[in-house]
Amino acid sequence: MGRSKALRVLRERGLDFRDAEELFDGRPIHHVPSPRNDEYRFASTVETNGRFYTVVWIWREGNQRIITFRRARDAEERAYRQVYG
């Protein structure tokens with residue numbers, strides 16, 4: 001699913017998983033646990049160039065694995081602004 005999911009997100013949203021990785025560069029990130037089934041996922045929201053994005057990811061076998069990358073939802077943006085202004 002990984003590669004095909006990345007291609008679908010790129011095609012449908014114009015967002016590349018490789019760009020999502022660059023968002024973890026030390027800028028402020030609002031992390032929220034987002035458990036699903038047996039997995040302990042995180043939804044991490046960042047602001048870049050005046051826009052907000054959320055990366056949903058998990059730790060798997062010692063690596064970060066991106067589940068999805070999308071524009072942040074309104075509630076995610078509000079939560080980020082509450083913490084970082």
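Modeller: Helices (H or I, at least four residues) and strands (E, at least two) are DSSP runs, numbered from the N terminus. This is a predicted model, in which local features need pLDDT of at least 70 and side-chain atom pairs count only at pLDDT 80 or more, whereas totals for chains, interfaces and linings use all residues. Residues are numbered from 1 along each chain as its sequence is written, and side-chain values use heavy atoms, with hydrogens and water left out.

Biologist: How many helices and strands does the protein have?

Modeller: The protein has three helices and four strands. Followed along the sequence, they give the pattern α-α-β-β-β-β-α.

Biologist: In what order do the strands lie in the sheet?

Modeller: In general, the strands of a sheet pair through backbone hydrogen bonds, either parallel or antiparallel. Two strands count as paired if DSSP finds at least two bridges between them. Here the four strands form an open sheet in the order β1-β2-β3-β4, and the pairing is antiparallel. The edges are β1 (30–33) and β4 (63–71), each of which pairs on one side only. Neighbouring strands of this sheet are turned against each other by 25 degrees on average, direction ignored; for such angles, axes are lines fitted to C-alpha atoms, for helices over the stretch in contact, and angles run from 0 to 180 degrees between N-to-C directions.

Biologist: How many bridges join β2 to β3?

Modeller: Seven bridges connect β2 (residues 42–48) with β3 (residues 51–60), and the two run antiparallel. Within this pairing, Phe42 stands opposite Trp57, and Ser44 stands opposite Val55. The two strands form a hairpin with two residues between them, and Asn49 in the turn has a positive phi of about 55 degrees. On the side of β1, four bridges join β1 to β2, again antiparallel. Pro33 has Phe42 of β2 as its bridge partner.

Biologist: Is β2 largely enclosed or open?

Modeller: Burial is judged by relative accessible area: buried means under 20%, exposed over 50%, and partly exposed in between (1.4 Å probe, protein chains only). Six of the seven residues of β2 are buried, so this strand is largely enclosed by the rest of the structure. Ala43, which lies in β2, is buried at a relative accessible area of 11%. Thr48 also belongs to β2 and is buried at 16%.

Biologist: Which residues does Ala43 touch?

Modeller: Contact means heavy atoms within 4.5 Å. Not counting residues up to four places away in sequence, Ala43 touches His30, His31, Val32, Ser34, Thr54, Val55 and Val56. Ala43 and Ile29 are 14 residues apart in sequence, and their C-alpha atoms are 9.8 Å apart in space. With the same exclusion of residues up to four places away, Thr48 touches Leu23, Arg27 and Tyr53.

Biologist: How many aromatic pairs are there?

Modeller: Rings of Phe, Tyr and Trp (its six-membered ring) pair if their centres lie within 6.5 Å; planes under 30 degrees apart count as stacked, over 60 as edge-to-face and the rest as tilted. The count by this rule is six aromatic pairs. In one of them, the rings of Tyr53 and Phe69 have centres 5.8 Å apart and planes at 50 degrees, so the pair is tilted. This pair links distant parts of the chain, since Tyr53 is in β3 and Phe69 in β4, 16 residues apart. Both partners are buried: Tyr53 has a relative accessible area of 12%, and Phe69 has 4%. Another pair, Trp57 and Trp59, is edge-to-face, with 5.6 Å from centre to centre and 85 degrees between the planes. Trp57 is buried at 5%, whereas Trp59 is exposed at 52%. Ring pairs also join Tyr40, Phe42, Trp57 and Trp59 into a cluster.

Biologist: What radius of gyration does the protein have?

Modeller: The radius of gyration is taken over C-alpha atoms, and the globule rule is 2.2 Å times the number of residues to the power 0.38. A compact globule of 85 residues would come near 12 Å, and the protein has 13 Å, which agrees. The C-alpha trace spans about 35 × 30 × 25 Å along its principal axes. Of the 85 residues, 38% are buried.
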